[in-house]
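Thanks, I'll take a few minutes on one model. Please keep the structure open while I talk.

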Amino acid sequence: PGANTLEVYAGDNADNVSSRTKVTVFYSPVESPNDIFGTILDVANPFFLKVNSGTSTTTNAAASKEFNEPFHAGNQGGRSVWWSWRAPADGVLTLDTRGSSYDTLLAVYTGNRVYSLSEVLSNDDAAQNTRTSKLLAGVRSNVVYRIAVDGFAGASGSTVLNYEFGPTN
């Protein structure tokens, strides 16, 4: 983390070499690695939920809202983090943010681009006088779902996503 100075030059197959120059790059680690919607398309990504139930935790403290990102549960939010999950069969996906340290927004979408997502469901508060969100979403086999957790009015903190899939007969 911090300033990193590199000395760079270019060369080609004809042995032409440019002059050397120094470039300073400032590196700041991302505190919310699943902040960027585009990074979750790869099933090897740790934020692609590979099992049918569990809990995933992160922070949205350094997260941001992307250009053309939809409002989740009708609220502007401003600190979204994302997961992906592929349905193994038709069924119901239950999601909640119980255990998060702030007032959450929860939404499920289909689509591969943040600017053209189709909302499946969204929720602000699971029940009256709660700050957690909960959804029961009907899902179709082999469809990839995008899951967003955001902070109400830009709230931030420790983010918990609990998920469980139940197939239909």
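The side chain of Ser-80 has a polar atom 3.4 Å from the backbone oxygen of Ser-64. A polar contact here is a pair of N or O atoms within 3.5 Å; within protein, one must be able to donate a hydrogen and the other to accept it, and residues adjacent in sequence count only if both atoms are side-chain atoms. The side chain of Ser-80 also makes a polar contact with the side chain of Glu-69, at 2.6 Å.

This is a predicted model, in which local features need pLDDT of at least 70 and side-chain atom pairs count only at pLDDT 80 or more, while totals for chains, interfaces and linings use all residues. Residues are numbered from 1 along each chain as its sequence is written, and side-chain values use heavy atoms, with hydrogens and water left out.

On confidence: pLDDT is the predictor's confidence in each residue, from 0 to 100. The protein chain has a mean pLDDT of 91, and 92% of its residues reach 70 or more. Strand S2, residues 21-27, has the lowest confidence, at a mean of 87, and strand S6, residues 91-96, the highest, at 98. Helices (H or I, at least four residues) and strands (E, at least two) are DSSP runs, numbered from the N terminus.

Back to Ser-80. Where does Ser-80 lie? Ser-80 is in the loop between S4 and strand S5 (81-86). Its relative accessible area is 0%, so Ser-80 is buried. Buried means under 20% relative accessible area, exposed over 50%, and partly exposed in between, with a 1.4 Å probe and protein chains only. Contact means heavy atoms within 4.5 Å. Leaving aside neighbours within four places in sequence, the contacts of Ser-80 include Asp-35, His-72, Val-149 and Asp-150.

Next, Asn-34, which is found in the loop between S2 and strand S3 (48-49). Asn-34 counts as buried because its relative accessibility is 0%. Its side chain makes a polar contact with the side chain of Thr-58, at 3.4 Å. Beyond four places in sequence, Asn-34 is in contact with Phe-47, Thr-58, Val-81, Trp-82 and Trp-83.

Thr-58 stands opposite Thr-159 in S11. Strands S4 and S11 (residues 158-167) pair in the antiparallel sense over 7 bridges; two strands pair if DSSP finds at least two bridges between them. The open sheet has 4 strands, in the order S4-S11-S6-S9, with antiparallel pairing. Its edge strands are S4 (53-59) and S9 (134-139), each pairing on one side only. From one strand to the next, the twist averages 20°. For that angle, axes are lines fitted to C-alpha atoms, for helices over the stretch in contact, and angles run from 0 to 180 degrees between N-to-C directions.

Now strand S7. Why is strand S7 largely enclosed by the rest of the structure? Because 6 of the 7 residues of S7 (residues 104-110) are buried. S7 pairs with strand S10 (residues 144-151) in the antiparallel sense over 6 bridges, and the partner of Ala-107 in S10 is Ala-148. S7 also runs antiparallel to strand S8 (residues 118-123), joined by 5 bridges, with Thr-110 partnered by Ser-118 in S8.

Last, Gly-111, in the loop between S7 and S8. Gly-111 has a relative accessible area of 26%, so it is partly exposed. Gly-111 and Val-144 are 33 residues apart in sequence and 7.9 Å apart in space, C-alpha to C-alpha. Not counting residues up to four places away in sequence, Gly-111 touches Phe-37, Leu-117 and Arg-146.
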